[in-house]
Structures are given as C-alpha cells and as structure tokens.
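Please read the points below alongside the model.

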Amino acid sequence: MGIDTAAIKDAAKERVEKELAELNEKIVKLVAFLYGAKPPEITYTAKRLLVEQLSVMQQYSDILTRRLAVWDLPEYEARKLNDSRTRK
C-alpha cells in the first residue's frame, strides 16, 4: 500500500488554513485592545512593541494567505501570482 500524498497535502493545507484563522482572530483581538474604546493602560514602550508585533502578525497573515492562494497552482502560475502580489 502506497503513501496517500493527496491526503497528506490536504492535511497540510488544512493546518495552514487553521493557523491563518487562529492568527486572524489574534490580530482582531490585538487591534481591539490597542485601538478600542478604552485605551490600554500600558507604557508607551509596551504599546509600541505591541504595535510592532501587530505589524509582523499582519505580514505573517498575508504570507499564509498568499501560500493558500497558490497551493494547488502549477509552479508557473504560482510564481506569476506571487510576483504580482509582492510588487505593490
């Protein structure tokens, strides 16, 4: 009996989709904390670090989204799509 590579690929894609969903939830919560109606009672330095963290989280979310967008595409199409998205 051979290895079911399609099932492995599907499981990997599901893990990335789950990771993206969880990351986006964390982004929403951090945005609400930083910019919500009640400002956080934290130091300036702590807030700046959280803002920096938010930026990195958003970049990571974008990368996961792009990975999922090219997941099943042939390499030449994936490169074309990724190149068009990275040249902003």
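Is D62 buried, partly exposed or exposed? The answer is in point 3, after the basis of the model.

1. Basis. This is a predicted model, in which local features need pLDDT of at least 70 and side-chain atom pairs count only at pLDDT 80 or more, while totals for chains, interfaces and linings use all residues. Residues are numbered from 1 along each chain as its sequence is written, and side-chain values use heavy atoms, with hydrogens and water left out.

2. Confidence. The chain has a mean pLDDT (the predictor's confidence in each residue, from 0 to 100) of 91, and 97% of its residues reach 70 or more. Helices are DSSP runs of H or I with at least four residues, numbered from the N terminus.

3. D62 is partly exposed, at a relative accessible area of 30%. Its salt-bridge partner is R66, with the closest N and O atoms 3.1 Å apart. A salt bridge here is a side-chain nitrogen of Lys or Arg within 4 Å of a carboxyl oxygen of Asp or Glu. R66 and D62 are about one helical turn apart because they are four residues apart in helix α2. R66 is buried, with a relative accessible area of 19%. The classes are buried under 20%, exposed over 50% and partly exposed in between (1.4 Å probe, protein chains only).

4. The network at D72. The structure holds five salt bridges. K9, K13 and D72 are linked in a network of them. D72 pairs with K9 at 3.6 Å between the closest N and O atoms; this pair links distant parts of the chain, 63 residues apart, with D72 in the loop between α2 and α3 and K9 in helix α1. For K13 and D72 the closest N and O atoms are 3.2 Å apart. K13 also lies in helix α1, so its pair with D72 ties together parts that are 59 residues apart in sequence. D72 counts as exposed at 53% relative accessibility, whereas K9 is partly exposed at 39% and K13 partly exposed at 22%.

5. Negative patch. D4, D10, E14 and E17 gather in a patch of negative charge on the surface. Such patches take residues with over 30% relative accessible area and no salt bridge, like charges being joined within 9 Å. D10 is found in helix α1 (residues 5-35) and counts as partly exposed at 48% relative accessibility.

Methods. Patch = residues over 30% accessible without salt bridge, like charges linked within 9 Å, V, L, I, M, F, W, Y side chains within 5 Å. Areas by Shrake-Rupley, 256 points an atom, 1.4 Å probe, with all protein chains shown as cover. Lys, Arg positive; Asp, Glu negative; His and termini not counted. Charge placed at Lys NZ, Arg CZ, Asp CG, Glu CD. Helix = DSSP H or I, 4+ residues; strand = E, 2+ residues; numbered from the N terminus.
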